[in-house]
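Hi everyone, thanks for coming.

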There are 2 protein chains.
Amino acid sequence: MKFEIIDVDGLGRLGKIRVNNREMTTPNLFPVVHPFNNSVSILELEKIGAQCIFTNSFILYQNENLREKVRKEGIHNHLNFNGIVATDSGAFQQYFYDNQQFSIDSETIEKFQEDIESDFPVILDLPVQINDDYYTAKEKVNLTIKRAKENIVRRKSEKANWIGPIHGGIYTDLLSKSAIEMSKLDFAIYALGGLVKMFLDYRFELPVKMLLTVKKNITPNKPIHMFGLGLPQFFSLAVACGCDLMDSAAYILYAKENRYFTLSTGTKNLNELEEFPCNCPICSNYTPNDLKEFDKDLRIKLLAKHNLYVSFSELKTIRQSIREGNLWELVEQRVRCHPNLVNALRMIKDDRSFFEKYEKVYKNHGRLYSSEESLYRPLIFRYHKKLINTYRVPKEVLYLLILPELDLKGKNSPSIINWLNKLDRNAIINRQEIHIVFSSYIYGIVPIELIDTFPLGQYESIEFNNSNSLLNNNYKLIIEQYFKKNFSKYHKCAILIPDFYLDQYKQKIKFSEHNVINSLKSIISPFYKSNLAVFKEIDSVLNFFKGDE
Amino acid sequence: MKFEIIDVDGLGRLGKIRVNNREMTTPNLFPVVHPFNNSVSILELEKIGAQCIFTNSFILYQNENLREKVRKEGIHNHLNFNGIVATDSGAFQQYFYDNQQFSIDSETIEKFQEDIESDFPVILDLPVQINDDYYTAKEKVNLTIKRAKENIVRRKSEKANWIGPIHGGIYTDLLSKSAIEMSKLDFAIYALGGLVKMFLDYRFELPVKMLLTVKKNITPNKPIHMFGLGLPQFFSLAVACGCDLMDSAAYILYAKENRYFTLSTGTKNLNELEEFPCNCPICSNYTPNDLKEFDKDLRIKLLAKHNLYVSFSELKTIRQSIREGNLWELVEQRVRCHPNLVNALRMIKDDRSFFEKYEKVYKNHGRLYSSEESLYRPLIFRYHKKLINTYRVPKEVLYLLILPELDLKGKNSPSIINWLNKLDRNAIINRQEIHIVFSSYIYGIVPIELIDTFPLGQYESIEFNNSNSLLNNNYKLIIEQYFKKNFSKYHKCAILIPDFYLDQYKQKIKFSEHNVINSLKSIISPFYKSNLAVFKEIDSVLNFFKGDE
C-alpha cells in the first residue's frame, strides 16, 4: 500500500491510497456491506461514489456454501466490485451480539481473509467498550497487541495490507499504550475502535478525545481509520482531528428506521418530511409521500441511497475545504447541528500546540472568523507563539504607538491612512523612532511591518467585544507577554482611541466603547509609569512623545 | 390573489399564494429572466423547480417587434411558462444604468404590464439607494407613494395583482413612513427595495434592519418581498425575519463570473474546484474540469443551473424547518458562512419582544441550543416574560430550594430523582411547604411544576459558563426580577450545589465550578439576610429550613 498526502488542513489530510492496483482518495468512507445480502447493490454503491467497501469475512466464513466459492474466486469477484475491499474479522459481532456462535480463532479468520484476497483485512481484536472497567480494558488492549504480533509472524499473502486496531476506550493511558505499541508493528492502516456506542449516544467529545490521544502517539505516515463512524455531521470535525478513513453501516441502519440524513438540522424521520430538501437523484425523483407508499424494502433502499449521497457529498465538501484551507470554517458551521458537536470542537483548545505543529504556513484566502470557536484556530495560536518567541522590535524605535484595528486592516483603512500620513509628515518626532502596532481582537498585537503577511492583514470577523471572557483572557495574556518581553524597547507608549473613524464605505462611524483597546491601558500600565497615555488625536500623541526630550 | 399561511416559525411563513388559477408556495424565489434571451431556458427553470419568475416589462416594451406580439399573446404564452409571472417596470434599470434611454412614464408601463397579463406587475417606483442623502431619499419615498396612489386609480385589469414597493434606505423614519402609507393602499405584495448594493457588499445587517422596520409597520396579511435577494446563504435569516418572497438574477450573474454557490463555505470560483461537492444533476454529470473546458455559454448555463438547484434546495430546507419549528436552528448554522451574517443575526436581540409576539406556543421537538446566538431566541424571551409577569408561586410554600439543572432535566436525571426522593420521605419539613426550582443557564429559574412543559423540560445546549457575559447578564436580570417579585413568599432560601452528580449514563461527574448557580447567592443575597444559604446535601437543607421554627 502507498499512502500519498497531497494537501493538509488542521490534522485533515487529502491523500491517495494505492493498493493492489486499486486507488482511493482520503478522507473517505467504506460503506459496510453484507457479504451476500444487500438492499443497496454493490453496483449502486459504485455509482453513488464508493471507492472502497467494508464487509465481514466472518459471516462469509460461516456460510459453508460460500466459503469455498469465495476462496476460489476472491472477494472482489464475489462482490463484483472493482474498488478496494476491507474485511472485518468478526470481533465486533462477537462483542455486539455477545454470542458464542460467533466465536472463531485468529489463525483461521486471518488465513481466510488472506485466501479471499481482502485488500485490507483486520486482525481478530478485542474492542474495549465504554462500560469496561480499567482491568478489563487493559486485558483487551494487551491481548490485541499480542494478537497483532502473532499476526505479523503468520502473514503469508503480499496482497493483504493489515489493519491494526487501536483500543483503550476512555482510558487515556491504555489508548496511548495501544497506539505506541501498535505503531511499532507494521500495519497498513491503524484503526480506532470501540466508538459505536458513543456515536449512537451523540457523545462526540469522547471519540474526539480518543482520536487526538491516538494521533499524538501513532506513526504519522499511515492512515488513521475510525471504526463505525457514519454520521456525516461529524465527518468534518473527525477529519480535522486526524481521521483519514471511516466505515459504517449507518446509511442502511438509519434507513431501516426511516431516518433521512441532512447536514443542516440533523437526521430527520421520513414521516416528518413533506418535501425533500436535497438534490440527489433519489430526492429529485421521488417525494416523501412516494417513499411512504412504497413497500418497505424499496423505501429502505431509497433512503439508504440518499443517506449515502449525503455522506459522499460531505466527503467531497471536506476534501474541497482541505484544498482551500477552509476546513475549520466548515467544521465551525457543521457543529451547529448539535450542541454536543460544539462541545466536542471546543476540546481542541487543550491541544492547540499539537494542532499548531501541523498547521499550514500560508493559505490563499483571507480568513473568516464566524464563531466564538474561531478563537481556537491553530493559526491564531501560532501567531501568538511567534510574536512572543521570535518577533524582534525594530532597533531604531524609541516610542510605541498602539492603534486600534478597524474594519479594514492596515493601509486599506481610510482612517489608518490619515493617521499614517500625519505621522509621516510630522516635524516633531523622527518617524523611524515611532513603532506602530495594532491592537487586534484576534491576534493581540500586530506590528505594522507584519500587517500584510498571512494571516494578519486580511480577515473578517464577527464582533467580539471586551465582555467576552475567553477573548479577554487570550488578549490580556498575549499583551502581557508582549510587554514583558519588549517594554524596555520603548521610552513611551501611546494608545490612540478615536471618537470616530472612517469605515470602508467612507462613512463616519462612532468608535465602539466595547472595543478591547479600551482595556489596554490597564493591562500594560504595570510596565510604564507616567510614560503611558491614551489619546484621541495623532497630534497629541506626537506632543506626548516630544515631551520626553 | 389569495395568501394562505399554513405554518410559521420566527417571522417566517410557510404559505400558499393563488393567483389567476396559478399557485406557488412561500417562501419562494422568483428567478429573474430576460424577456427574450436566456442562457437557462424557461423550460429548464421549471424543471429545476421554479414556480414563479420575474421578468422586465420595460425591456419588452422597448422592443418594437415584440411589444405588440406579447400584448396579443400575453406574457405567459410569450415565455411559454405556466407558473406565476411578475414583471418589473424598469425603475431598477433607470437607476442602475443611470441612462435616459430607459426613461418611461408610469401610465405607459403600468398599462403595458396589464396588457401582457402580468400576474404581479410593479409600479414605476423610485428606489432609494444607500448613498442617497436624507432629502433625496425623502423625495423618492414621497413620489413613490404618490405614484402608488395614482396607480390605484388607473388600474383596469383584474388579473393584475400589483406589487407596492417600500423604500427609505437606511433612514428608519422614511422606511416606516413608506410602510405605513403603502399599507393603506391596496397592494397584493409589498416589496422592499434598494438592497442590491448591500447584498453585493455583504452588508447583511442593513437589509435585516430594514426588513424588521418594514415588518413592524406593514399590514401582516400580505406577502413581503425583497427585491434582488439571491444569495442562498442569506435566505434563512431573511425568512426568519419575515421575508416571504425574493427575486434575483444572481444565479446567472454569478455564473458569468464563474462563481459556484455553496451553502457551507460560501461562493466558490470554478477555478478553485477540483470536485463538485454537490449532488444536483449538473454536479452529478460533470466535473469542474469538464466545465472549464466547455465553451463559455455552456459553462455559464451549467453553473447557473447549479446555482438555481442550490437556491431551491435551500428554500425546501427552509420550508421544512418552518414545518418542524427548527428555523432558528437552521439560521444559526447558516450564518457561519460569513461573519457579517452572524452580526446580522445578532440584530434580532433588539427586537425580541416583536419576535416574541409571533413565536409559536408549542413545538413538537425539544430545542437544541448550539451557539451563543441561541440565547436570542424569542421563545427564551417569552419564557422570561411569562415567568415574571404571569407565574404565581404555589400558595402553601414557605421555603425555597434551588437545585442546579443537570444534563437531563427534572425527573429524567438520576441525581434529581435521588434528591426528590429524600425530600418526599423527609420527616422534618412538610413536603408541600418546600418549593423546588431549578437554576437554568438558559431559562433563569424553572419552577419544578413547569419542568415538563415546552420549552423547559427537553433541550440540549452547548456548555455556557459563568464567564459568558451575555448569559450572565440575562441570568442575573431574570433572577433579580424573580426575587423582586417573589422573595416575600419564601421564609428561607437554600441553594444546593453538590460536589458530584450522576449523569444520564449513571456516571459520577464532578459538578462544574463554572456553573452559573455558583453566582446565584450573590445575586439573591440582597433579598434575604441570614435566611439564605448554600448546601451540598439535602439533609443540611432540611435542617436549615427546620431551624426556622
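Let me begin with a definition: a salt bridge here is a side-chain nitrogen of Lys or Arg within 4 Å of a carboxyl oxygen of Asp or Glu. Now the ground rules. This is a predicted model, where local features need pLDDT of at least 70, side-chain atom pairs count only at pLDDT 80 or more, and totals for chains, interfaces and linings use all residues. Residues are numbered from 1 along each chain as its sequence is written, chains are lettered from A and ligands numbered from 1 in the order in which they are written, and side-chain values use heavy atoms, with hydrogens and water left out.

Over all chains, the structure holds 74 salt bridges. One of them joins Glu359(A) and Lys363(A), at 3.3 Å from N to O. Are these two buried or exposed? Both Glu359(A) and Lys363(A) are buried, where buried means under 20% relative accessible area, exposed over 50%, and partly exposed in between, with a 1.4 Å probe and protein chains only.

In chain B, Glu356(B) and Lys385(B) pair up at 2.8 Å, N to O. Glu356(B) sits in helix H17 (residues 352–358) and Lys385(B) in helix H18 (residues 378–389), so this pair ties together parts that are 29 residues apart in sequence. Glu356(B) is buried at 7% relative accessible area, while Lys385(B), at 38%, is partly exposed.

Back in chain A, Lys69(A) and Glu73(A) also form a salt bridge, 2.8 Å from N to O. They are four residues apart in helix H3 (residues 64–73), which means about one helical turn separates them. There is a network too: salt bridges link Glu4(A), Lys16(A), Arg18(A) and Glu23(A).

Next, backbone geometry. Most residues other than glycine have a negative phi, and most peptide bonds are trans. Asn20(A), not a glycine, has a positive phi of about 50°, and Glu117(A), also not a glycine, has one of about 65°. As for peptide bonds, the one from Phe454(A) to Pro455(A) is cis, with omega near 0°. Thr26(B) and Pro27(B) are joined by a cis bond as well, with omega about -10°.

Last stop: helix H14 of chain B, residues 296–324. Of its 29 residues, 25 are buried. After H14(B) comes Gly325(B), with a positive phi near 75°. Thanks, all!

Terms used:
Helix = DSSP H or I, 4+ residues; strand = E, 2+ residues; numbered from the N terminus.
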